[in-house]
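Me: I would like to learn how to read a few features of a fold from a model. Could you take me through one?

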2 protein chains.
Amino acid sequence: MRDFSGGHEWLSINTATLRRQNGVEQPLPVILDACARHGIRAVSPWRDQVHAAGLAQTARSIRAHGMALSGYCRGGMFTAVDAAGLREARDDNRRAVDEACELQAACLVLVVGALPGALQGRAAHKDLALARSQVRDGIAALLEYARARAMPLAIEPLHPMYAADRACVNTLEQALDLCDELDPVQAGALGVAVDLYHVWWDPKLSEQIARAGKQRLLALHVCDWLTPTTDLLNDRGMMGDGVIDIREVRGWVEAQGFAGYSEVEIFSHRWWQRSHDEILATCIDRHRRSV
Amino acid sequence: MRDFSGGHEWLSINTATLRRQNGVEQPLPVILDACARHGIRAVSPWRDQVHAAGLAQTARSIRAHGMALSGYCRGGMFTAVDAAGLREARDDNRRAVDEACELQAACLVLVVGALPGALQGRAAHKDLALARSQVRDGIAALLEYARARAMPLAIEPLHPMYAADRACVNTLEQALDLCDELDPVQAGALGVAVDLYHVWWDPKLSEQIARAGKQRLLALHVCDWLTPTTDLLNDRGMMGDGVIDIREVRGWVEAQGFAGYSEVEIFSHRWWQRSHDEILATCIDRHRRSV
């Protein structure tokens with residue numbers, strides 16, 4: 001297992017961690033500059049931020065900073081109420097793959113979607129099995145497109161509390177079942193993003209990480225689970241402030257041969273009130289001590 | 001599958017559903033009277049409510065109302081930081097079994113506990129495997145005591161969002177693994193309480209309900225999952241107001257031979273602002289139409 005105590009060369013910053021400050025959306029160039037100031041070697045930007053800043057401009061800026069992309073956030077949202085919606089999702093996911101290629105991302109992260117309309121508070125139906133079948137078909141179709149462009153797809157199982165509105169793939173086992181079905185050859189075209197916030201509770205976690213193996217472990221996201229957690233979406237904790245034994249899980253992942261970045265992704269009303277410099281200094285400190 | 005549209009003879013009310021009104025804790029006798037007014041044949045009371053009202057008094061009152069107990073809430077909380085804490089949990093759980101016997105409950109529901117101290121916001125450690133091993137040992141010891149008194153124990157897997165502070169048994173599969181390990185004979189001494197709020201998202205739900213079979217299915221709890229959910233604990237929905245396909249899951253449970261009560265358990269700041277009569281009338285209506 002790698003020793004992170006001496007530096008932060010394997011720390012990546014998911015740009016959502018710096019997305020807001022006191023309620024004001026922060027432009028991606030500002031976020032990238034802040035990361036560069038702190039010697040961050042890798043980031044994982046969100047699509048809406050990239051679109052706002054311009055794709056070509058962002059690609060140039062990332063190259064100028066000498067940064068890598070530990071992932072690109074995100075494709076997915078494969079479910080829909082009708083054929084037109086499914087086509088729209090397909091086309092949008094293809095664009096996401098193209099963007100990930102231009103940005104030379106390590107993978108495109110997939111948050112697969114759930115009951116259509118639920119995120120807006122009005123689920124069109126309650127058929128989780130149908131949603132899961134649309135997700136399967138959506139990934140299968142996108143995989144062909146992405147494989148031809150050598151862009152790995154990373155299915156991110158989301159915590160079961162998001163099963164209704166964000167992602168109906170909710171355990172690592174379920175994600176790996178999909179991988180095995182759609183990509184039996186295991187050549188790295190399809191795998192998983194293991195975000196500890198979503199999977200830390202799973203009694204089968206170590207077993208499924210071992211099952212995934214190096215070929216399927218495409219990304220590792222870290223933050224912490226606070227007690228109490230006061231908001232289902234935006235109350236993630238800084239590493240070390242919660243109950244997740246992050247180092248133990250990183251050990252399991254690295255035992256499989258994973259040697260990539262540890263990507264910090266913290267959605268938090270609390271942290272979004274602090275300055276970029278304070279957040280990044282804390283991330284670096286905790287990366288050394290608690291990751 | 002039973003037809004509930006014509007009446008509510010199989011509706012049970014978990015007394016937490018009526019526990020508060022506009023911030024004021026409601027005494028159990030008041031709750032039982034309200035249930036009796038609405039022709040409710042079964043309830044599942046909480047221990048603190050029973051203690052406040054008096055055990056013997058509650059047993060008499062329940063008999064006078066001609067009510068059954070679909071369960072008794074709750075035993076569990078098996079984890080602790082030291083031997084004294086474990087002994088205390090053991091003794092308290094034995095008392096819970098004794099009370100369940102006096103109240104002639106169908107089963108004692110077990111919310112097994114998680115990281116000690118986490119519920120108070122300060123977890124003593126992050127070792128979920130240790131907590132799970134204490135839970136296993138606690139159930140094993142209690143099972144001997146409960147079996148001798150013919151009181152079935154129902155392990156309730158709780159939603160993974162409670163894994164840190166309330167229960168580290170988080171899927172039906174995990175609960176059934178425990179059942180199979182501790183009670184291989186499957187004579188009804190140990191089983192599960194299936195609360196749809198906790199398990200509805202699980203991709204293995206129908207498979208694990210089939211695995212449980214009649215002997216392990218000791219209780220069925222219903223409410224609904226709202227989108228959005230604004231509070232991790234007290235924002236449960238009334239049946240029909242959320243995204244859970246309750247009837248489908250009840251069908252799976254009844255296909256195994258389950259023929260017990262459908263117990264409504266709604267922790268909700270919203271519903272606790274309404275009158276008992278309004279809540280109960282709504283429960284009865286939704287029991288007929290959405291359960």
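This is a predicted model: local features need pLDDT of at least 70, side-chain atom pairs count only at pLDDT 80 or more; totals for chains, interfaces and linings use all residues.

Me: In what order do the nine strands of the open sheet in chain A lie?

Reply: The order is β5-β4-β1-β11-β10-β9-β8-β7-β6 in chain A, and the pairing is parallel. The edges are β5 (68-69) and β6 (72-76) of chain A, each of which pairs on one side only.

Me: How many bridges join β1 to β11 in chain A?

Reply: Three bridges link β1 (residues 11-14) with β11 (residues 262-264) of chain A, and the two strands run parallel.

Me: Which strands does helix α9 of chain A lie across?

Reply: Helix α9 (residues 246-255) of chain A lies across β9 (190-195), β10 (217-222) and β11 of chain A. The angle of α9(A) to β10(A) is about 175°.

Me: Which residues of α9(A) are buried, and why are they on the same side of the helix?

Reply: The general idea comes from the helical repeat. An α-helix has 3.6 residues a turn, so residues three or four places apart point the same way. In this case the buried residues of α9(A) are A:Ile246, A:Val249, A:Arg250 and A:Val253. They cover an arc of only 100° around the axis, which puts them on the same side of α9(A).

Me: How many of the six residues of strand β9 in chain B are buried?

Reply: Burial is judged by counting neighbours: 20 or more other C-beta atoms within 10 Å make a residue buried. In β9 (residues 190-195) of chain B, six of the six residues are buried, so the strand is largely enclosed by the rest of the structure. Strand β8 (residues 153-155) of chain B pairs with β9(B) in the parallel sense over three bridges. Within that pairing, B:Ala154 stands opposite B:Gly191.

Me: What rotation superposes chain B on chain A?

Reply: A rotation of 180°, with 0.0 Å of shift along its axis, superposes chain B on chain A with an RMSD of 0.0 Å. That is the relation of a two-fold axis. The same surface serves both copies, since 100% of the contact residues of chain B recur in chain A.

Me: How many residues of each chain are in contact, and of what kinds are those of chain B?

Reply: The contact involves 24 residues of chain B and 24 residues of chain A. On the chain B side, 14 are nonpolar, six polar and four charged.

Terms used: Residues are numbered from 1 along each chain as its sequence is written. Chains are lettered from A and ligands numbered from 1 in the order in which they are written. Two strands pair if DSSP finds at least two bridges between them. Helices (H or I, at least four residues) and strands (E, at least two) are DSSP runs, numbered from the N terminus. Two residues are in contact if their C-beta atoms, placed from the backbone, lie within 7 Å. Axes are lines fitted to C-alpha atoms, for helices over the stretch in contact, and angles run from 0 to 180 degrees between N-to-C directions. Ala, Val, Leu, Ile, Met, Phe, Trp, Tyr, Cys and Pro count as nonpolar, Asp, Glu, Lys and Arg as charged, and the others, Gly among them, as polar. Copies are superposed by least squares on the C-alpha atoms of residues with pLDDT of at least 70 in both. A residue is buried if 20 or more other C-beta atoms lie within 10 Å of its own, exposed if 12 or fewer, and partly exposed in between; C-beta atoms are placed from the backbone. The arc is that of the directions from the helix axis to the C-beta atoms.
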